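Please read this briefing alongside the sequence and the coordinates.

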Amino acid sequence: MNSFIKVTNIMCVFLMVGCGGGGSESSQPVATAQPPSAGTGTTSPEPIKTQDLVASQEFDFSTQTELVVDVSLPELTQRSFLNVCYSEPTSERIDYNNCVLRVALLDGTLRKTVTLNQANQTLLADIWTVSASSEPLQYQWQNQNGSDSAIFEIR
């Protein structure tokens, strides 16, 4: 029993030392940052506070843009489908998993308004006809003026 207590005490000492327990405070001085002296000739600028920020009356903090998709393709006499989507992030290809409008076209005409979340974006449009051998008609739109409304004309 006496050897068990000795082994237990030795194990506790090793655990305390290994885990950092029972340490003493260091007597070495801790370095502190010194404020710049007044004689350096540089002054630090005053921080800007939120209450000091001013926005014009026209600025509404909105990042949305109303986009009118206006399709007029009278040569499309058969039923067609329109996909208006964002481009893939690393290429110029259309991202069919990230579309803002998917709709059937009748007689090649459509006028529809969609809301975009960001003003400066590129959208791609594909128009597919119901024909086994046809490739889609492709169009691109880029909002360059950053306005609250824009038109994507497909002609």
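**Salt bridges and nonpolar core**

Glu 153 and Arg 155 form a salt bridge through their side chains, at 3.8 Å from N to O; the term stands for a Lys or Arg side-chain nitrogen within 4 Å of a carboxyl oxygen of Asp or Glu. The model is predicted: local features need pLDDT of at least 70, side-chain atom pairs count only at pLDDT 80 or more, and totals for chains, interfaces and linings use all residues. Residues are numbered from 1 along each chain as its sequence is written, and side-chain values use heavy atoms, with hydrogens and water left out.

Salt bridges
- The count by this rule is four.
- Asp 70 and Arg 111 pair at 3.3 Å, N to O; Asp 70 lies in strand β1 and Arg 111 in strand β4, 41 residues apart (strands are DSSP E runs of at least two residues, numbered from the N terminus).
- Asp 70 is buried at 13% relative accessibility, whereas Arg 111 is exposed at 56% (buried is under 20% relative accessible area, exposed over 50%, partly exposed in between, with a 1.4 Å probe and protein chains only).
- A network of salt bridges links Asp 70, Arg 111, Glu 153 and Arg 155.
- Arg 155 is partly exposed, at 48%.

Nonpolar core
- The largest nonpolar core has 20 residues (buried Ala, Val, Leu, Ile, Met, Phe, Trp, Tyr and Cys residues joined through side-chain atoms within 4.5 Å).
- Elements giving two or more residues to this core include β1 (65–72), β2 (80–87) and β7 (149–154).
- Val 84, among the residues with the most contacts inside the core, touches residues including Val 69, Leu 101 and Phe 152, leaving aside residues up to four places away in sequence (contact means heavy atoms within 4.5 Å).

Terms used:
Helices (H or I, at least four residues) and strands (E, at least two) are DSSP runs, numbered from the N terminus.
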